[in-house]
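Thanks for asking me to look this one over. Here is my friendly note, to be read alongside the model.

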Amino acid sequence: MSEDKFLGAAFFCIPRRLYVLVFAILTLAYGVVGVVRTLLQEALPGEAGAAAWQSQDRCIGHGCNDVLSCRGLREASFHFREVTSIFAGWLFGYWGVHGALHGYIDDLLYFAGFVFGCAVALVVIAAADGFYVLGCGEYPLNVVDEAILWSLPDVPVRDVVKTEIREAMVSYPVAFVNRLSRLNVYLVYLLVEAAGAAFFLYTAHQVMLLAQLTRHGVLGLGATYDLSTWRERMMLRNGLQNKDDYGAASADS
């Protein structure tokens, strides 16, 4: 990575290639771990708790036709987000690692497209969850998972509240969940999703810049050329040319 100084920095201080590489490794690890956990536990990480699985309110099985309803759509956005991020994460994460390590442009572009797609997906899912809340008067699982059920202890609510919501509740009525958590849960959810979308957009931009600089460099002459080195090379070349001209003139005389 001797040419990293020509590839710029992310967040003003982190070498751009290192930033993309670390993010790609984390994406790959998230996908691989998620796939393994899903296969071993036969459930997605953050899945609804025991009460929801055992409830008669839950519609499951090949004979379930209750799809386009509040009950049928309660976990839809959560499942879509988790399945796409886990199963696509390991594939595109691999391409990101491969591209960042070896400078493969196509792999970096694939990874940039995936990261940009993650940002778009967050916005679309947040809008869909908003329509669900307005139409059903309750939160879908995705809102609760993103806004309340964090892995950090006692953040943003106490662990006892998280346990009650995850394990004891079948549905998530807006007024009751807000009162229990002492938060405007949907507002917290929007803030989390907005921050996530902004981060993904920034990262996708960094990956695109890395691909562009790896292919063309700052001046379009390759990744190892910048203004200072270009000036030094031109002075060196002109100096050698002047010497050659002087030597030729001396020989003629």
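Predicted model: local features only at pLDDT ≥ 70, side-chain atom pairs only at ≥ 80, totals over all residues.

1. Residues are numbered from 1 along each chain as its sequence is written, and side-chain values use heavy atoms, with hydrogens and water left out.

2. On the surface, a nonpolar patch is formed by Val32, Val36, Leu40, Val83, Phe87, Trp90 and Leu91, with about 610 Å² of accessible area together. Two or more of its residues come from each of helix 1 (16-41) and helix 4 (76-102). Helix 4 gives the most, with four residues. Here a patch joins nonpolar side chains (Val, Leu, Ile, Met, Phe, Trp, Tyr) within 5 Å, from residues with over 30% relative accessible area and no salt bridge (a side-chain nitrogen of Lys or Arg within 4 Å of a carboxyl oxygen of Asp or Glu). Areas come from the Shrake-Rupley method with a 1.4 Å probe, and helices are DSSP runs of H or I, at least four residues.

3. Leu91, found in helix 4, is partly exposed, with a relative accessible area of 30% (buried is under 20%, exposed over 50%, partly exposed in between).

4. Glu138 sits in the loop between helix 5 (105-136) and helix 6 (141-147). Glu138 counts as buried because its relative accessibility is 11%.

5. The side chain of Glu138 makes a polar contact of 2.8 Å with that of Arg74, and another of 2.8 Å with that of Tyr132. A polar contact is a pair of N or O atoms within 3.5 Å; within protein, one must be able to donate a hydrogen and the other to accept it, and residues adjacent in sequence count only if both atoms are side-chain atoms.

6. Leaving aside residues up to four places away in sequence, Glu138 touches, among others, Val133, Ser171, Tyr172, Pro173 and Val174 (contact means heavy atoms within 4.5 Å).

Note on methods. Patch = residues over 30% accessible without salt bridge, like charges linked within 9 Å, V, L, I, M, F, W, Y side chains within 5 Å. Buried < 20%, exposed > 50% of the residue type's maximum accessible area, 1.4 Å probe, protein only.
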